[in-house]
Amino acid sequence: MGATGDRKQDQRETFRADDPCEGPLTTDQGVEVDHTDDSLAAGERGPTLMEDFHFREKLTHFDHERIPERVVHARGAGAYGYFEPYESLAEYTRAAFLQDPSVRTPVFVRFSTVQGPKGSADTVRDVRGFATKFYTSEGNYDLVGNNMPVFFIQDGIKFPDFVHAVKPEPHNDIPTGASAHDTLWDFVSLQPETTHMMMWLMSDRAIPRSYRMMQGFGVHTFRFVNAEGRGTFVKFHWKPKLGAHSLVWDEAQECQGRDPDFNRRDLWDAIERGDYPEWELGVQLVPEDDEFAFDFDLLDATKIIPEEQVPVRPVGRMVLDRNPENFFAETEQVAFHTANVVPGIDFTNDPLLQARNFSYLDTQLIRLGGPNFAQLPVNRPVTPVRTNQRDGYGQSRIHRGTNYFPNSLGGGCPAHAGVDGKAFTHYAERVDGAKIRRRSPSFQDHYSQAALFWNSMADWEKRHIVAAFRFELGKVGTVEVRERMVENLGKVDPELASAVAEGIGVAAPSGDGQSASKLSSPALSLESLRGDGS
Ligand code: HEM
């Protein structure tokens, strides 16, 4: 055990630069500099000389200070902390960090907005990212989640289309911030699988008061695998100790003007004053034999598993107790990836998850400048790293010996034989079928859970949702898009659709008796859904 008792913190200490400066300024080559206020010139009023290596190095480094921002989730805030399980989960998973309540695993968490650029405001209506890197004794495990339990699309091949629709319009880059524009609503009205997530997005969950008061969800169905190789489906939930709280829309907008860093500042300040935010990790466990016991597909990321059907079981807690020391080095350079798993946690065939397992590494190769970003301090595991990978931009290690396997000349890392159960072995799921490019029929119901969500709302929450739809759709210039969206909402709930239609100047849907909530909800009067939404 190192000096601090936290393996990640001990490792970070070894990377700390000698800042603040304790001696005179030097160049990158370590040569002391006598003067940094004036460039070297030929005569007092003459041209700057090429020979001034300090001037050139200083400017060149500055010119290269920026890296690309994340293609989504560009704006964020992060913190270090720890996770500890309440009890052993050995019955379900062999993941080492879920075995022993006395073992604390260091973590780094990054919260983010999704749509806006790095310099946008915190309190916009948007999904929030909730990504956790566990520095476990078996390597890094990343749980890359959001603050809503479902997602917009079912298959990752639609992700570029979706993000292109969400982002500012291509010709003028307007608007940033709120999601109110024609392209988004055009896309979602044509892609009804988005309906459930759009209900969440128009709810108060999309304007959290604080990152400390936000739930988190792994969204996909993942798989636990125990030491005997038995799999169990699992959904992950983070529950904030402070409870889940939101802003109201007027507050959110005022915060955007008065303090665009409202959520980032809140997190930072709370940790600085020792008011450490805490979350409970919960799991919903489904035996593999029950894979088809639901009226939705467990592989469909637009669906929750209702808690009445499978309760959330609390399994551990996470505390964030240290702010990063350098935003760029840590919060900006951290690289989360759904494919960073440890033995005992595995994937399912959720087609959204499968796409993510490709996308994160791919984007980080360009965002972080080549294949060695796992060596950056924030990304480094606390376990030994032995690979046969070499070279590339940003290589910071001095490898010795040869780098291939099999190898009789010395060097080259062999793969672990797996006999002691330490190595990752992929879950031996049986797959069978012809190649096919078609959405499974089991993914086709887009409205039942949207209605379930709507029906679970209190009257005031329903009013907020209607007000949000009116505000956002009211900005859409294309009447057909507004009409199509209202038509979709009619399939969720006729009163919802009518209330929205009335606020945005289109006709309410004809009502063919097909709404998903028709039988399940006592109808709320249109009158009660009117109002200012406050
Ligand atoms: C960030 C792709 C769906 C949560 C990102 C990034 C990409 C990406 C390329 C930027 C990563 C980086 O530059 O380091 C995708 C694709 C998806 C998808 C292709 C669907 C196929 C989701 C879903 C969730 C999610 C369903 C939540 C469950 C996040 C989070 C981040 C992120 C939290 C920010 C990570 C950070 O803080 O650095 N995603 N994403 N994404 N994504 Fe996704």
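This is a predicted model: local features need pLDDT of at least 70, side-chain atom pairs count only at pLDDT 80 or more; totals for chains, interfaces and linings use all residues.
Two packed helices are described by the angle between their axes and the distance between the axes. In the pairing of helix H11, residues 459–473, with helix H13, residues 494–504, the axes cross at roughly 40° and come within 9 Å. H11 and H13 are therefore oblique to each other, and the crossing in which H11 passes H13 is right-handed. From H11, the residues Val466, Phe469, Arg470 and Leu473 take part, and they meet Leu496, Ala499, Val500, Gly503 and Ile504 of H13. By class, the residues of this contact comprise seven nonpolar, one polar and one charged.

Helix H12 covers residues 479–492. Its 14 residues reach 20 Å from the first C-alpha to the last, close to the 20 Å expected at 1.5 Å a residue. The buried residues of H12 are Val481, Arg482, Met485, Val486, Asn488, Leu489, Gly490, Lys491 and Val492. H11 and H13 are among the elements that cover these buried residues, as are helix H4 (182–190), helix H5 (195–201) and helix H10 (448–455).

Helices H3 and H4 pack with their axes 7 Å apart and at an angle of about 145°. On the H3 side the contact is made by Asp161, Phe162, Ala165 and Val166, and on the H4 side by Thr183, Leu184, Asp186 and Phe187. These contact residues divide into five nonpolar, one polar and two charged.

The loop between helix H3 (159–166) and H4 holds aspartate 173. This residue has a positive phi of about 60° although it is not a glycine. Aspartate 173 counts as exposed because it has 10 C-beta neighbours inside 10 Å, where the cut-off for exposure is 12 or fewer. Valine 219 likewise is not a glycine and has a positive phi, of about 70°. Valine 219 is found in the loop between strand S5 (216–217) and strand S6 (222–225). With 23 C-beta neighbours inside 10 Å, valine 219 counts as buried, since burial requires 20 or more.

A further backbone feature involves a proline. Phenylalanine 405 and proline 406 are joined by a cis peptide bond, with omega about 5°. Proline 406 lies in the loop between helix H9 (351–367) and H10; H10 is one of the helices covering the buried residues of H12.

Two individual residues complete the account. Arginine 110 belongs to strand S2, residues 105–113. Arginine 110 is buried because 24 other C-beta atoms lie within 10 Å. Not counting residues up to four places away in sequence, arginine 110 touches Gly76, Gly78, Gly129, Ala131, Thr331 and Val334. The C-alpha atom of arginine 110 is separated by 36 Å from that of phenylalanine 55, 55 residues away along the chain.

Glutamate 251 lies in helix H6, residues 249–258. Because 15 other C-beta atoms lie within 10 Å, glutamate 251 is partly exposed.

Note on methods
Residues are numbered from 1 along each chain as its sequence is written. Axes are lines fitted to C-alpha atoms, for helices over the stretch in contact, and angles run from 0 to 180 degrees between N-to-C directions. Helices (H or I, at least four residues) and strands (E, at least two) are DSSP runs, numbered from the N terminus. Angles under 35 degrees count as roughly parallel, over 145 as roughly antiparallel, 65 to 115 as roughly perpendicular and the rest as oblique. A crossing is left-handed if the near helix is turned anticlockwise from the far one by less than a right angle, and right-handed if clockwise. Two residues are in contact if their C-beta atoms, placed from the backbone, lie within 7 Å. Ala, Val, Leu, Ile, Met, Phe, Trp, Tyr, Cys and Pro count as nonpolar, Asp, Glu, Lys and Arg as charged, and the others, Gly among them, as polar. The expected span of a helix is 1.5 Å times one less than its number of residues.
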